[in-house]
Amino acid sequence: MASNKKLNSSLGFIPLLLSFLLQCHSGKSELQLNYYANSCPNAEEIIKQQVINLYHKHGNTAVSWIRNLFHDCMVKSCDASLLLESLNGIESEKTVERSFGMRNFKYVNTIKAAVEKECPLTVSCADVVALSARDGIVMLGGPRIEMKTGRKDSRESYASVVDDFIPNHNDSISLVLSQFQSIGIDTEGTVALLGAHSVGRVHCKNLVQRLYPTVDPTLDPDYATYLKGRCPSPNPDPNAVLYSRNDRETPMILDNVYYTNVLKHKGLLIVDQQLTSDTSTLPFVEKMAADNDYFHEQFSRAVLLMSENNPLTDDQGEVRKDCRFVN
Ligand code: HEM
Ligand SMILES: *[C@@H]1O[C@H](CO)[C@@H](O)[C@H](O)[C@H]1NC(C)=O
């Protein structure tokens, strides 16, 4: 009996040993659904409530959460590196040129503070970025996305390499496709992600290249006249606040009007408009313009891929107390 018991308890180690070996093999553990089920069971609900409250106070916060996911996840990893403040001579990703126009960062702190109050040092800023984007998408009439959690926060910001990962407003579509491809997002997914430009705004400095000295021939002439009215100066003061809405018809709805607009030569950025002149992207634009459900399906798929780009897990990172500073 006694030796049997001993045998049983040593056999009990086998699954443990196996999972340990598996973890060594993959190098890190995976994200999982409801990662905080035991450590902070209300985490996802608290974040959702905060996103809803903020949306009712400042609707454009929901827009910001979507752009945050893109800027955080494309640059190396979904690790909240975006949110760190400049400190000790190390520049923040938030302050670089490609982050121009990003807003509402202070309300990330509001969300994080609500989570900290319930579960101190448990829920990462990277997961706040991911889940707030997920919930912001729903507030803007987009699809509901089941998203895994368990991301950890970086201990540094990567301002100096942002330009390698985040395309510019006037980059070629082939460069854009290859950048998304490098994090595992195919052409169809990339076309769907650009549909995020169905909401929000663009400042004049990102538009004037298409208006002055001559109007970009791929831009609808009446629309160009409208945009010149929004952006009357060819050299806008870089700090100026003049902008145009991305989608004048449904500016706060994440829908396929973006695609019908670009097909009508009413794309705002050069990259937006380029989607219709590239033979690999045009068929997807047409399909998304014709079918909002298909757009939402592809958008969900691609947002998930983006949100799982190279996460830090376990002790590869930390859980920041304040998303602006490493602990
Ligand atoms: C080729 C890739 C992309 C480029 C070049 C690009 C560029 C830009 C630019 C220049 C702006 C306007 C900034 C301003 O003037 O204020 C903008 C806004 C925005 N972008 Fe993108 N973007 C790209 C992809 C994405 C993706 C993949 C997402 C999210 C899934 C996204 C979400 C947004 C949102 C939501 C806004 C509006 C922000 C606001 O109104 O506060 N973008 N983007
Ligand atoms: C893209 O725009 C930037 C300014 O935002 C400008 O400096 C650059 O020359 C433009 N590139 C091309 C290829 O037009």
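Okay, let's start in a loop: His197 sits in the one between helix H9, residues 187-194, and strand S1, residues 201-203. Before going further, keep in mind that this is a predicted model.

So what does His197 do there in terms of contacts? Its NE2 atom is 2.1 Å from the iron of ligand 1, and His197 is the single donor that the protein gives to that iron atom. There's also a polar side-chain atom of His197 that lies 2.9 Å from a nitrogen atom of ligand 1.

Now let's look around the ligand. Ligand 1 sits in the largest pocket. There are 24 residues around ligand 1, and the ones that come nearest are Arg103, His197, Arg201, His203 and Asn206. For His203, an N or O atom in the side chain is 2.6 Å from an oxygen atom of ligand 1. For Asn206, a polar side-chain atom is 2.9 Å from an oxygen atom of ligand 1.

Which element gives the largest share of the shell around ligand 1? That's H4, with four residues. Helix H4 covers 60-74, and along with helix H8, 173-181, and strand S1, each of them supplies at least two residues of that shell.

Moving on to the backbone. If you follow the chain past S1, you get to the loop between S1 and helix H10, 221-230, and Pro213 is in that loop. The peptide bond from Tyr212 to Pro213 is cis, with omega near -5 degrees.

Then there are two residues other than glycine with positive phi. One is Leu121, with phi near 50 degrees. Leu121 is in the loop between helix H5, 105-118, and helix H6, 125-139. You'll find His265 in the loop between helix H11, 257-263, and helix H12, 270-274. His265 is at 39% relative accessibility, so this residue counts as partly exposed as well.

Last thing, the annotation. UniProt, in an unreviewed entry, lists residues 30-327 as "domain: Plant heme peroxidase family profile". Over residues 30-327, the chain is 43% helix and 2% strand.

Okay, that's my tour. Over to you.

Terms used: Residues numbered from 1 in each chain as written. Chains lettered and ligands numbered in written order. Predicted model: local features only at pLDDT ≥ 70, side-chain atom pairs only at ≥ 80, totals over all residues. Heavy atoms only, no water. Donors = N, O, S within 2.8 Å, 3.2 Å for Na, K, Ca; no water. Buried < 20%, exposed > 50% of the residue type's maximum accessible area, 1.4 Å probe, protein only. UniProt positions renumbered as here; feature names shortened; annotations may be inferred. Near = heavy atom within 4 Å. Polar contact = N/O pair within 3.5 Å; in protein donor to acceptor, adjacent residues only side chain to side chain. 1 Å grid on protein atoms, 1.4 Å probe; cavity = no way out; pocket = protein on both sides within 12 Å on 5 of 7 lines; lining within 4 Å. Sits in = over half its atoms within 2 Å of the grid points.
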